[in-house]
Structure formats: structure tokens, C-alpha cells
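This report sets out the fold, the helix packing and selected loop residues of a protein model. The sequence and the coordinates are shown first.

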Amino acid sequence: MTGERVVQAEPVGAPATHPSTPIPVHGPPIGSRLRVPLGETGLSIFPLILGGAEFGWRIDLSASHAVLDAYRARGGNALHTSDASASGRSEHIIGRWLQSRAVRDEFVLAVRVGSHPDNPGLGSVNLVRAVEGSLTRLGTDRIDVLYLDAAADPTTALEDTLATAEWLVDSGKVRAIGAAGYTALQLVEARILASAGYPRIAALDVPYNLLHRAEFDGDIRLIAGAQGLAVTPSQALEHGYLTGRHRDRAGLSVSVRGSQLAAWMNRRGTRALRALDRISDELSVPTAAIAVAWLLAQRVVAAPIVNASLPGHVEELVQGVGTRLGRGHLADIARAVE
């Protein structure tokens, strides 16, 4: 009949669609449009780097791949691992994932070397062997950012290490150089050597979070700012304490991780979590996201390195990228951690 409304019935057996059901979003993730420069490397990354420290240690290949899938689904494009993480299994797991998803060219791959027992230190021979070993385990022909771990080798001259790094860059095996465990004096020396033609250190991996600040705040922070280094803080969540999921010593395992968590179960740690909880409730984002947002509020920080053992953890952490802390929030956190 003319003017009569016709309603198309849903197929028999199909679940009813609620009017408030979100419309499926097709195409690239929203986060894929969010990129920041990684210092002077020429690379652009999502402002949250997924670390592979859990892969092959606390979670197996399939669980690790689920975490990597969740990170990519939210627009992430930067991975960080170490040649010593789970004795190289972390690199193997990441390499398998990059190959199976055919996404190597989409991702910025950062690797810290110097601590693998087969190729220890930053001497010329072991450094080349370490890079070759990482390339093999990762199944790739290049490392985008090679972090040199000076804490693993206090004896090799910086000039010798950078000379080897120069060869690795010229050969196409490495695109850019980063530093880990370097002192303020070594960073100054490295910049002087760069003016003489050696490769420039462009990124800095340093343990840093709202509870663990002494190692970075001070001379290293000033030098990082003056040299334009891309600071990529590791231990962004202080071994998981700043997620807020660990608040009672009774529930901790007898392990290195348990000892690390227990060390912060004191008045200062409790005050910090309470401050994060208050802001979390106010902004309706997870506690872990507030810890990430605090790091991103620091001008010298390009992108924190975070580890996750479940896809749900990735969802929590990524929310920190879109969370903006006001001056009042930052002041509350500062008072809590004094």
C-alpha cells in the first residue's frame, strides 16, 4: 500500500541488533594516524613503544602474538626488544610475528645489544656478531634503532664502539644508533665524536617513571634536551607496580619480579598509587594509563617503552596516549612522590 512503511525482517536465528550497538569501523586504526618523530633518526612512531621483555619468558609464542596483534590493531608501529631477553626467544617470537603478518615495513624495530652471553659487550667483534645474531632471530635484514648497552661493557672505548656502529650503518644493517646505560659524560663524548664523523646517538633508553627519577633527572636530562635525543624510557611502569594491580605483599611470588614489586610497597609507593587512583577516577581511564600520560607530559620523552602480557593490558596502556594531564594533576603526583 502506498505510504505504508516497510520493515525488513532480520534473518531467522540472527541475534537482534540493539539500536545503541556501535557501527563497525573499517579501514586503518585511528591510532595509525598518530605519529611523533623519533629524534633525529628520521623515523616516525606511535608514541608508545611495545617492549618484548615478556615474550618467551612469562608468555609463550601464541600469547605474545595476541599481544602484538592488539598493539597493531590500535595503531602501534614500534617494537623494542633485547638480544638477551629470554636468551633471544623474544627476538625469535617477534620475528615470527612480523613474517606471518607481513608487516615488517610497517614497523620500527629497536634492539638493545651488549648483554647476550654468546656475544657480550660492545667490542668490535662481539658487536657485529650480536647484530648478526639479532638479524637472524628476527628474520630481517635491518635493525631500525640499535641501542648500545654501555652498562654491559664498561671497558670498551666509546670511539671503538662508534667506529663499529658506523660500519653497521654504512652496511645497511642498522639505520640509527641509540644509547642505554650511558653516563652524562659519555653522551657528551659521543656528540664530540659525532662532530668528527662518527654516527650520532639519536635515542636514549633510560629507566624512568614517576617513582624512579634520580637516574635520569639532572645532568642526563639536561644533555638529552640539549642534544635533541629521543628519550624512550624503559621500566615505564616500574616492573608493573604503577599498573595498580599489585598492592599486597601476600600476593607476590618469590621471584625477582616479586622483590621488585615489594620494594615499592611502602608509604611513598602507596601515596603514588592513591594519587594515580584519584586521577584515574576523575578522567575515567586506567591507573596504568595515568602513569603513561605522566611520562608523555615530560617534554624530553618521545615514547615510553611498555611491556604487556595480555591484549587487555595493551588496551589500558594505549589509553595513556590520549590522556592529557593538567597542571593540577601533575602537581598532585609531584606531591605524592616527594
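The text below moves from the overall composition to the sheet, the helix pairs and individual loop residues.

**Overall composition**

The model is predicted. Its secondary structure consists of 11 helices and 10 strands. The protein has 338 residues, of which 50% are buried. Where contacting residues are at least 6 apart in sequence, 76% of the contacts join residues at least 24 apart.

Eight strands form an open sheet with parallel pairing, and their order is 9-8-7-6-5-4-3-10. Strand 9 (230–231) and strand 10 (305–307) are the edge strands, each of them pairing on one side only.

How many of the seven residues of strand 6 (residues 143–149) are buried? The count is seven of the seven, so strand 6 is largely enclosed by the rest of the structure.

**Helix packing**

Two helix pairs illustrate how helices meet in this model. Two packed helices are described by the angle between their axes and the distance between the axes.

Helix 1 (residues 61–73) and helix 2 (residues 89–101) have axes that come within 10 Å and cross at roughly 55°. The two helices are therefore oblique to each other. The crossing of helix 1 past helix 2 is right-handed. On the helix 1 side, the residues in contact are Leu61, Ser64, His65, Leu68, Asp69 and Arg72, and these meet Ile93, Arg96, Trp97 and Arg101 of helix 2. By class, the residues of this contact comprise four nonpolar, two polar and four charged.

In the second pair, helix 8 (residues 267–283) packs against helix 11 (residues 327–336) at an angle of about 165°, and their axes lie 8 Å apart. Because of that angle, helix 8 is roughly antiparallel to helix 11. Helix 8 also passes helix 11 in a right-handed crossing. Helix 8 contributes Arg268, Arg271, Ala272, Ala275, Leu276, Ile279, Glu282 and Leu283 to the contact, while helix 11 contributes His329, Asp332, Ile333 and Ala336. The residues of this contact divide into seven nonpolar, one polar and four charged.

**Loop residues**

| Residue | Relative accessible area | Class |
|---|---|---|
| Thr232 | 0% | buried |
| Ser85 | 15% | buried |
| Gln235 | 29% | partly exposed |
| Gly197 | 47% | partly exposed |
| Ala102 | 65% | exposed |

Thr232 is located in the loop between strand 9 and helix 7 (256–262). Which residues does Thr232 contact, leaving aside its neighbours within four places in sequence? They are Leu38, Ile49, Tyr147, Leu204, Asp205, Val206, Ala303 and Ile305. With a relative accessibility of 0%, Thr232 counts as buried.

The loop between strand 9 and helix 7 also holds Gln235. Although Gln235 is not a glycine, it has a positive phi of about 55°. Its relative accessibility of 29% places Gln235 among partly exposed residues.

A positive phi of about 55° is likewise found at Ala102, again not a glycine. Ala102 lies in the loop between helix 2 and strand 5. At a relative accessible area of 65%, Ala102 is exposed.

Ser85 belongs to the loop between strand 4 (78–82) and helix 2. Ser85 touches Ala53 and Ser90, when residues up to four places away in sequence are not counted. Its relative accessible area of 15% makes Ser85 buried.

Gly197 sits in the loop between helix 5 (184–195) and strand 8 (201–205). Its C-alpha atom is separated by 9.0 Å from that of Glu166, the two residues being 31 residues apart along the chain. Gly197 is partly exposed, its relative accessible area being 47%.

Note on methods. Residues numbered from 1 in each chain as written. Predicted model: local features only at pLDDT ≥ 70, side-chain atom pairs only at ≥ 80, totals over all residues. Heavy atoms only, no water. Axes fitted to C-alpha atoms, helices over the stretch in contact; angles between N-to-C directions. Helix = DSSP H or I, 4+ residues; strand = E, 2+ residues; numbered from the N terminus. Parallel < 35°, antiparallel > 145°, perpendicular 65-115°, else oblique. Left-handed = near helix turned anticlockwise from the far one by under 90°. Contact = heavy atoms within 4.5 Å. Nonpolar A, V, L, I, M, F, W, Y, C, P; charged D, E, K, R; others polar. Pairing = 2+ DSSP bridges. Buried < 20%, exposed > 50% of the residue type's maximum accessible area, 1.4 Å probe, protein only.
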